[in-house]
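Colleague: I would like to learn how to read a model of this kind, one feature at a time. Could you take me through it, giving the idea behind each feature and then the case at hand?

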Amino acid sequence: MTDAAAVAPGSSDDPVDPKDYAARMERAALSAADAGLAGLIVTPGPDLVWLTGYRPPTTERLTVLLLAPGRRPQLLVPALERPDAEHAPGARALAVSGWTDGEDPYALMAKLLEAKGRYGVSDNAWALHLLALQRNRPEVAYGALTEVLPMLRAVKDAYEVERLAAAGAAADATYEQIVGVRFAGRREQEVAADLARLLREHGHSQVDFTIVGSGPNGANPHHEAGERMIEDGDMVVLDFGGLKDGYGSDTTRTVHVGEPTREERAVHDLVREAQQAAFEAVRPGVACQEIDRVARQVIRRAGYGEYFIHRTGHGIGVTTHEPPYLVEGEHLPLVPGMCFSIEPGIYLPGRFGVRIEDIVTCTETGGRRLNNTDRELRVVA
């Protein structure tokens, strides 16, 4: 998927060893210190799930994890949710405390913060909570976590890579089945419903997106599957994914209803060439922006540069969009364990679009695809 972030907590079945959660929290605190931060303030969402395995409801009541080097992780929760917090997978490494309705949780949290320190804060923290903390400790500075510590979740361990590979394989199986359904004479929404059903049948606990862009709708990278009737002669962009066992899938293939024209096939071949060139450029030490440049150069040389209108890729893990981002201006070098999409596209307004997307992980020797379905232009009925 090109840009819209999908966030979800993942499966309730958690095979991660509690010791791994403790190690993640310790590593995060040390990384914060290395970045010149006093610590990290983590609210409900993907960061909290990844660090602790705790999946609380997201409400107006404050739940917050404080990580600081040399200190035991502190988890402050509403008193009515404390029993669940104390049974979270990573709870053994936490000091859990509760606050009751009528107390000021922000005053309690503020006492834990270092005077004049700077803290990284979860990107999805509610303004309600952050502004209240700022009122209680105006001398403390705050920064968005992906800006101050962009590598926190970017490098996956072997366990995480295999979880992503399993999610990718499930998406691949979905694609192999969807190309066998009838497209012509059916609405985009119907095909999107088929994609969602198949993803769940192949083990996804959550479906985040099922883009079906037929004909001219394919020229909109984030087209919402709608009422348009798919017709013979349409190019159809299929972009779908979600969460399986807490880790994301995201793949795109473009199919054609009936035989394509020479131009349609040529544009598809060009996107496939750009995607392959970008994949072959993946190796440790290469700047993220270089992967974008490689894909864009292939398309630009063929005269379609103005029709490639989004970045080449985004990271993926417990969310479908996270660092690293493969885009001009991103100088972060690729590191073994990074997982990201490679998804160039060409979008011809009023006519059709083409996008091809795989999830790729950087290894010591190059790239490894986590999606492995055919990237040739498939003809469907």
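**Reading the model step by step**

Modeller: Let us begin with burial: G353 counts as buried because its relative accessible area is 1%, and the cut-off for that word is under 20%. Please keep in mind throughout that this is a predicted model.

Colleague: In which strand is G353 found, and with which residues is G353 in contact?

Modeller: G353 belongs to strand β15, which covers residues 352-355. When neighbours within four places in sequence are left aside, the contacts of G353 are G215, G218, A219, M235, V237, T254, I346 and Y347. For a sense of distance, take G353 together with A115: the two are 238 residues apart in sequence, and their C-alpha atoms are 53 Å apart in space.

Colleague: How should I read the chain as a whole, and how many helices and strands does the protein chain have?

Modeller: The protein chain has 10 helices and 18 strands. Its radius of gyration is 22 Å, close to the 21 Å that the globule rule gives for 381 residues, so the chain is as compact as a globular protein of that length. Along the principal axes, the C-alpha trace spans about 70 × 40 × 35 Å. Buried residues account for 57% of the 381 residues, and of the contacts between residues at least 6 apart in sequence, 68% join residues at least 24 apart.

Colleague: What can be said about the surface and the charges of the protein chain?

Modeller: The accessible surface comes to about 15300 Å², and carbon and sulfur atoms hold 50% of that area. As for charge, there are 40 positive and 55 negative side chains, with the centres of the two sets 2 Å apart.

Colleague: How many disulfides does the structure hold?

Modeller: A disulfide is a covalent bond between the sulfur atoms of two cysteines. The structure holds zero disulfides. For C288, the closest cysteine sulfur is that of C362, and the distance of 9.3 Å is too far for a bond. C362 is likewise in no disulfide, and the nearest cysteine sulfur to its own, that of C339, is 9.3 Å away. C288 is buried, with a relative accessible area of 0%, and C362 is buried as well, at 2%.

Colleague: Is T174 buried or exposed, and in which helix does T174 lie?

Modeller: T174 lies in helix α7, residues 158-178, and counts as buried because its relative accessibility is 0%. Apart from neighbours within four places in sequence, T174 is in contact with L195, L198, L199, H202 and F240.

Colleague: What is the peptide bond from P323 to P324, cis or trans?

Modeller: That peptide bond is cis, with omega near 5°, and P324 has its place in strand β12, residues 322-326.

Conventions. Residues numbered from 1 in each chain as written. Predicted model: local features only at pLDDT ≥ 70, side-chain atom pairs only at ≥ 80, totals over all residues. Heavy atoms only, no water. Helix = DSSP H or I, 4+ residues; strand = E, 2+ residues; numbered from the N terminus. Rg over C-alpha atoms; globule rule 2.2 N^0.38 Å. Buried < 20%, exposed > 50% of the residue type's maximum accessible area, 1.4 Å probe, protein only. Contact = heavy atoms within 4.5 Å. Areas by Shrake-Rupley, 256 points an atom, 1.4 Å probe, with all protein chains shown as cover. Lys, Arg positive; Asp, Glu negative; His and termini not counted. Charge placed at Lys NZ, Arg CZ, Asp CG, Glu CD. Disulfide = S-S within 2.5 Å.
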